[in-house]
Amino acid sequence: MRHNSDVENTYDYDVAVTFAGEDRQFVQQVVREVTDAGYKIFYDQDEQVTLWGEDLTEYLPKVYEERARYAVMFVSRHYAAKAWTRFERRSVLLRALEQPTPYLLPVSLDGTQLEGVRSSISFLDGASMGASGIAEAIRQKLSGATAGRGGSFNGCVPRDEHQATILVGERPAGWEYLLFSYSLVRGVDELHERYLDHRMGYAPSSDFVPEHEVQHLVQRELATVYRLSRNFGTVLAAPAQRSAFGVPGEAGNVEQILHLARRYVSVYQSFIDWASHLRSYATVSDEAHDVLEALAQYARQPVERLRDFAYEFRDEADTMHAKLVAGENISLKITLSLEISPEDSTNFDRALERFEQAHSG
């Protein structure tokens, strides 16, 4: 066998993947993103012609034991239950036991514990990172960037998926809030173009609203914006925070933290989309246009507050780990209220009054 040193060895494949068929959709996305980066992966569907006619009980062990630099094992309840994956796993574990440097790169898809894989081996969480996150981690491993960029937690909120992977893997003190902060900023950044449109007051025209329907439309949209505010109250309510971050002395839950961040970002997006929807209506009179524009301004302060908070919280979270390591006691409760600006409310009342006067009698 040729696995004393990666420096000495030349492999046919950068990675060989082993997985259950039920998990193919996830694995295929990972494979495609890694191969698009120029790496060679042993993936059964890409090797159909090569495998045609081969005795797989002889061919596959050579792939997993000799011909790949790393084996990425996608662990799930399906993987643990199948006879064929047990066959592949034996070859992977044999190589992993004999090779002094890392070879087995396990990915957990549903938390299943796998017999034969030492509990001391570090897993990545496919459920929380997603296929793209796992693909990025594989690319970093293959490129050697993990060593070059620092393969350990840097003490701050992650700035990219690689750093987030390290954070989740190591889970240092306060990691829950750092992961939440990273997810908030990432979500807000992904909506940056929509935010710029919102700041400009830009929206493509869509539906026409007749003058006699404007007041009914206004009442309906007022109810919508107040419902958005109430929804946000549930996002950061104490029960939701306890479920995500855990009570003092208890570890947080990755899935719940990411869900909480997604719900926060969804409220931010909903305010932007709500204002854009109002601005998209075509009207006949200037008075009707002014009413809808004034109402759309109700989203101005909530959007800015939600956006600013994401970056402000990151600034605070960046210092959290260092304070905890220094022995400081930190009790962090995330509080944020959304309010309609009194100025925007007054401008809307005046615009509605002008509309009513123009259409009275």
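## A residue pair in the sheet

Ala 16 stands opposite Phe 42, a residue of strand β2, where a strand is a DSSP run of E of at least two residues, a helix is a DSSP run of H or I of at least four residues, and both are numbered from the N terminus. This is a predicted model, in which local features need pLDDT of at least 70 and side-chain atom pairs count only at pLDDT 80 or more, while totals for chains, interfaces and linings use all residues. Residues are numbered from 1 along each chain as its sequence is written, and side-chain values use heavy atoms, with hydrogens and water left out.

## The chain as a whole

The chain holds 17 helices and 5 strands. Its radius of gyration, taken over C-alpha atoms, is 27 Å, whereas a compact globule of 361 residues would have one near 21 Å, by a rule of 2.2 Å times the number of residues to the power 0.38. Along the principal axes, the C-alpha trace spans about 90 × 55 × 35 Å.

Of the 361 residues, 46% count as buried, a term that means under 20% relative accessible area, with exposed set at over 50% and partly exposed in between (1.4 Å probe, protein chains only). The accessible surface comes to about 18600 Å², and carbon and sulfur atoms account for 48% of that surface; such areas are computed by the Shrake-Rupley method with a 1.4 Å probe. When contacts (heavy atoms within 4.5 Å) between residues at least 6 apart in sequence are considered, 74% of them join residues at least 24 apart.

## The parallel sheet

The 5 strands form an open sheet in the order β2-β1-β3-β4-β5, with parallel pairing throughout the arrangement. Because β2 and β5 (124-125) stand at the edges and each has a single partner strand, one side of each is left without a neighbour in the sheet. Two strands are said to pair here if DSSP finds at least two bridges between them.

Strand β1, which covers residues 13-18, is mostly covered, with 5 of its 6 residues buried. This strand pairs in the parallel sense with β2 (residues 41-42) over 2 bridges, and 5 bridges join β1 to β3 (residues 68-75), again running parallel. Strand β3 is in turn joined by 5 bridges to the parallel strand β4 (residues 104-108), where Val 107 is the bridge partner of Phe 74.

## Two buried helix residues

Ala 296 is found in helix α14, which spans residues 286-296, and this alanine counts as buried because its relative accessibility is 0%. Leaving aside neighbours within four places in sequence, Ala 296 is in contact with Trp 274, Ala 275, Leu 278 and Arg 279. For Leu 278, which is 18 residues away from Ala 296 along the chain, the C-alpha atoms of the two are separated by 6.1 Å.

His 198 lies in helix α10 (residues 192-200) and, at 9% relative accessibility, likewise counts as buried. When residues up to four places away in sequence are not counted, His 198 touches Ile 272, Ala 275, Arg 279, Ala 299, Arg 300 and Val 303. His 198 and Phe 271 are 73 residues apart in sequence, and their C-alpha atoms are 9.7 Å apart in space.
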